[in-house]
Amino acid sequence: KYSDGFGPKPADIIHVPFNDLHAVKAVMDDHTCAVVVEPIQGEGGVMAATPEFLQGLRDLCDQHQALLVFDEVQSGMGRTGDLFAYMHYGVTPDILTSAKALGGGFPVSAVLTTQDIASAFHVGSHGSTYGGNPLACAVAGAAFDIINTPEVLSGVNTKREQFVKHLQQIDAQYDVFSDIRGMGLLIGAELKPQYKGRARDFLYAAASEGTMVLNAGPDVMRFAPSLLVESQDIEEGMTRFAQAVKRVVQQ
């Protein structure tokens, strides 16, 4: 839906349902160039791929000599408790994209790939106005050195448990969530049928309580805090979010 109104769109791109390996098999052949997938969907509702799905994609790409590309802009850089989400699955892509958290919020992006694929590039074959900005690279290097530490990465799942505990308590009190999912500090709370389509109501109510949350589509509340968020901030933020839920439920 985000591309509607921004045509003409690139041709010969086929979208298939997430986690449906049979649907991928049905459209792949030896003319397929690449398969692009988020290991954990962000805007799609904080849906994690099954191990069987990603391994199946790897096998299909090898079979058809296609490239497997992981979009890890949201799921990478420590978000899941590993440096990149693919590490949880034991499935290595040919190309991995990173951005946003890579620079701790400062604009920068990067593409990680194999030596074999990288050899197709030479200096000047692909660049951009902002590519290689020295300040951005310095910021990204500093952010990487902070994130890629045992203290930060191990803390991600500890902090996740704190969020999930609060969400479960909110659900026990107000009966609003049908599923709490995701990995690490990319958390999705799916709204029950009676609240479908009302994610923004919860978002605006939370803002009025002085806390910022996200939505992932109309039916899922998304929590993606700083990897360094303090325990007391989680407590206060989720207490405020509980008040927001109460406000919406009682409307």
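Which residues have the most contacts inside the largest nonpolar core? In this predicted model, they are Leu-54, Ile-170, Met-221, Phe-223 and Phe-241, and the core holds 63 residues. A nonpolar core here is a set of buried Ala, Val, Leu, Ile, Met, Phe, Trp, Tyr and Cys residues joined through side-chain atoms within 4.5 Å. Buried stands for under 20% relative accessible area, exposed for over 50%, and partly exposed for anything in between (1.4 Å probe, protein chains only). In soluble globular proteins, nonpolar side chains tend to be buried together. Residues are numbered from 1 along each chain as its sequence is written, and side-chain values use heavy atoms, with hydrogens and water left out. As the model is predicted, local features need pLDDT of at least 70 and side-chain atom pairs count only at pLDDT 80 or more, while totals for chains, interfaces and linings use all residues.

Leaving aside neighbours within four places in sequence, Phe-223 is in contact (heavy atoms within 4.5 Å) with Phe-163, Leu-167, Leu-185, Leu-186, Ile-187, Ala-189, Val-213, Met-238 and Phe-241. An α-helix has 3.6 residues a turn, so residues three or four places apart point the same way. Helices (H or I, at least four residues) and strands (E, at least two) are DSSP runs, numbered from the N terminus. The length of helix 8 also checks out: its 19 residues (231-249) should span 27 Å at 1.5 Å a residue, and its end C-alpha atoms are 27 Å apart, which agrees. The expected span is 1.5 Å times one less than the number of residues.

Strand 7 and strand 8 run antiparallel and are joined by 2 bridges; Asn-215 has Met-221 of strand 8 as its bridge partner. In the loop between strand 7 and strand 8 lies Asp-219, which is partly exposed with a relative accessible area of 23%. Beyond its neighbours within four places in sequence, Asp-219 is in contact with Ala-189, Glu-190, Leu-191, Lys-196, Gly-197 and Ala-199.

Ala-199 is also one of the buried residues of helix 7, along with Phe-202, Leu-203, Ala-205 and Ala-206. These cover an arc of only 165 degrees around the axis, which puts them on the same side of helix 7. Their packing partners are strand 6, strand 7, strand 8 and helix 8. Helix 7 is followed by Gly-210, with a positive phi near 85 degrees. Met-212, in the loop between helix 7 and strand 7 (214-215), counts as exposed at 82% relative accessibility.

Elsewhere, strand 3 (95-99) is largely enclosed by the rest of the structure, because 4 of its 5 residues are buried. Strand 3 pairs with strand 2 (67-71) in the parallel sense over 3 bridges, and with strand 4 (109-113) in the antiparallel sense over 5 bridges.

Some backbone details deserve a look. Most residues other than glycine have a negative phi, and most peptide bonds are trans. Val-46, not a glycine, has a positive phi of about 55 degrees and counts as buried at 0% relative accessibility. Gln-65 also has a positive phi of about 55 degrees, but is exposed, with a relative accessible area of 76%. Finally, a cis peptide bond joins Gly-7 and Pro-8, with omega about -5 degrees.

Methods:
Pairing = 2+ DSSP bridges. Arc of directions from axis to C-beta.
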